[in-house]
Amino acid sequence: MTTAMTPTFDPLADAIAAAEGVPELAEAELPAMLADTPAKTKDLLIIDYSGDLEKVWATLILASTGAAMGVRTRVFVTFWGLQVFVKDSKRITGENWMQKMLSAMQRPGISHRKLSKMNFLGMGPWMMGRLARQYGVASPKELLEAAQALGVEFIPCQMTMDMFGLKPEDMIEGMGEPVGAATVIGLMTENSTPLFI
Amino acid sequence: MPTLAISHTIDARGLSCPMPIVKTAQVCRVVPAGSVVELLATDQGSTKDVSAWCRATGNELLDQTVDGSVYRFLIRRN
């Protein structure tokens, strides 16, 4: 008989093994996690749900800055947000009377946004526009152009396009392919920082 | 500091956030690596934003000075 039969007495190792559950799994995952770590910046995914002037402004400031900082930036435009990316020249959109009436009640296009508060029949947006020019703040239209030039991807929601009766030719140039919620959730859970505006 | 050959000057005076950064990014995409870009801005936020942008994009902030209300940044594009 040799000392090989002596049972190991290492309560610390036992306690660590018990606390970690399955130690082999933790070891197997470690190299993959380390391989991903070299300071890879996450993508930015903004869900532009709102068509309100102030929220669209915030969306476009963040999107253009994100792209300027070398972050891959996507903006998923859905519901009222989709109306923002209809061409300014389009007055009435849609196929049936309800879709047409919705576009008549809220004129689509980046230059025709209303404030969610203090709109006062356009007095609020007019004052915001005056103040923005006075203080050198770029307009949503200018920011949209800058964002597109920097490579921000604007992705329309297929379901909202259908519901509002919007056709690809109604939308501004350079929009991405329409997608659904699953694509957005996929992007959101993969490697993106999501923002819902 | 020694005089640097400035390849581009971005005049963002009078422009508010985020335009100084957006314009800088646009210019830095087209100038060759190693070029020195000068940015002039009056936006007070740019004193912090330009260095944050340089850190995030791997460009080098060579110098930052202020003359009255105008901030001047020298950036080496990497």
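Me: In which order do the 4 strands of the open sheet in chain A stand, and how are they paired?
Reply: The model is a predicted one. Its chain A sheet has the order β3-β2-β1-β4, and the pairing is parallel.

Me: Why is one side of β3 and of β4 in chain A left without a neighbour in the sheet?
Reply: β3 (153-156) and β4 (192-196) of chain A stand at the edges and each has a single partner strand, so one side of each has no neighbour in the sheet. From one strand to the next, the twist averages 20°.

Me: How do you know that β2 and β3 of chain A count as a pair?
Reply: The requirement is at least two bridges found by DSSP. Strand β2 (residues 73-77) of chain A is joined to β3(A) by 4 bridges, so the two strands pair. They run parallel. Within this pair, A:V77 stands opposite A:P156 in β3(A).

Me: What does α3(A) touch when it packs on the sheet?
Reply: α3(A) touches β1 (43-48), β2 and β4 of chain A, and its direction makes about 165° with that of β1(A). Helix α9 (residues 181-191) of chain A also packs on the sheet, touching β1, β2 and β4 of chain A. The direction of α9 makes about 130° with that of β4(A).

Me: How many helices and strands are there in chain A?
Reply: Chain A has 9 helices and 4 strands. Along the sequence they follow the pattern α-α-β-α-β-α-α-α-α-β-α-α-β.

Me: What makes a residue of chain A count as buried, and how many percent do?
Reply: A buried residue has 20 or more other C-beta atoms within 10 Å of its own. Of the 197 residues of chain A, 28% count as buried.

Me: At what angle do helix α3 of chain A and helix α1 of chain B pack?
Reply: Two numbers describe a pair of packed helices: the angle between the axes and the distance between them. For α3 (residues 53-68) of chain A and α1 (residues 19-30) of chain B, the angle is about 35° and the axes are 9 Å apart. α3(A) passes α1(B) in a left-handed crossing. A:S64, A:T65 and A:A68 of α3(A) make the contact with B:I21, B:V22 and B:A25 of α1(B). These residues divide into 4 nonpolar, 2 polar and no charged.

Me: How many residues of chain B are in contact with chain A?
Reply: 12 residues of chain B are in contact with 13 residues of chain A. On the chain B side, the elements that give two or more residues are α1 and α2 (46-57). The largest share, 5 residues, comes from α1(B). The residues on that side of chain B divide into 8 nonpolar, 4 polar and no charged.

Me: Why is chain B called as compact as a globular protein of that length?
Reply: First, the contents: chain B has 2 helices and 4 strands, in the pattern β-α-β-α-β-β along the sequence. Its radius of gyration is 11 Å, close to the 12 Å that the globule rule gives for 78 residues, so chain B is as compact as a globular protein of that length. Its C-alpha trace spans about 30 × 25 × 20 Å along the principal axes.

Me: What order do the strands of the open sheet in chain B have?
Reply: The order is β1-β2-β4-β3, and the pairing is mixed. β1 (6-12) and β3 (60-67) of chain B are at the edges with a single partner strand each, so one side of each is without a neighbour in the sheet. Neighbouring strands are turned by 15° against each other on average, direction ignored.

Me: How do you know that β3(B) and β4 of chain B pair?
Reply: At least two bridges are needed. β3(B) and β4 (residues 70-76) of chain B are joined by 7, so they pair. The two strands run antiparallel. One of the bridges has B:E60 with B:R76 as its partner in β4(B), and another has B:T65 with B:R72. In the hairpin of β3(B) and β4(B), 2 residues lie between the strands, and B:G68 takes a positive phi near 65°.

Me: Which residues of β4(B) are on the covered face, and which on the uncovered one?
Reply: In a regular strand the side chains alternate between the two faces of the sheet. In β4(B), B:Y71, B:F73 and B:I75 form the covered face, while B:V70, B:R72, B:L74 and B:R76 form the uncovered one.

Definitions and conventions
Residues numbered from 1 in each chain as written. Chains lettered and ligands numbered in written order. Predicted model: local features only at pLDDT ≥ 70, side-chain atom pairs only at ≥ 80, totals over all residues. Rg over C-alpha atoms; globule rule 2.2 N^0.38 Å. Axes fitted to C-alpha atoms, helices over the stretch in contact; angles between N-to-C directions. Left-handed = near helix turned anticlockwise from the far one by under 90°. Contact = placed C-beta atoms within 7 Å. Nonpolar A, V, L, I, M, F, W, Y, C, P; charged D, E, K, R; others polar. Buried ≥ 20, exposed ≤ 12 C-beta atoms within 10 Å, placed from the backbone.
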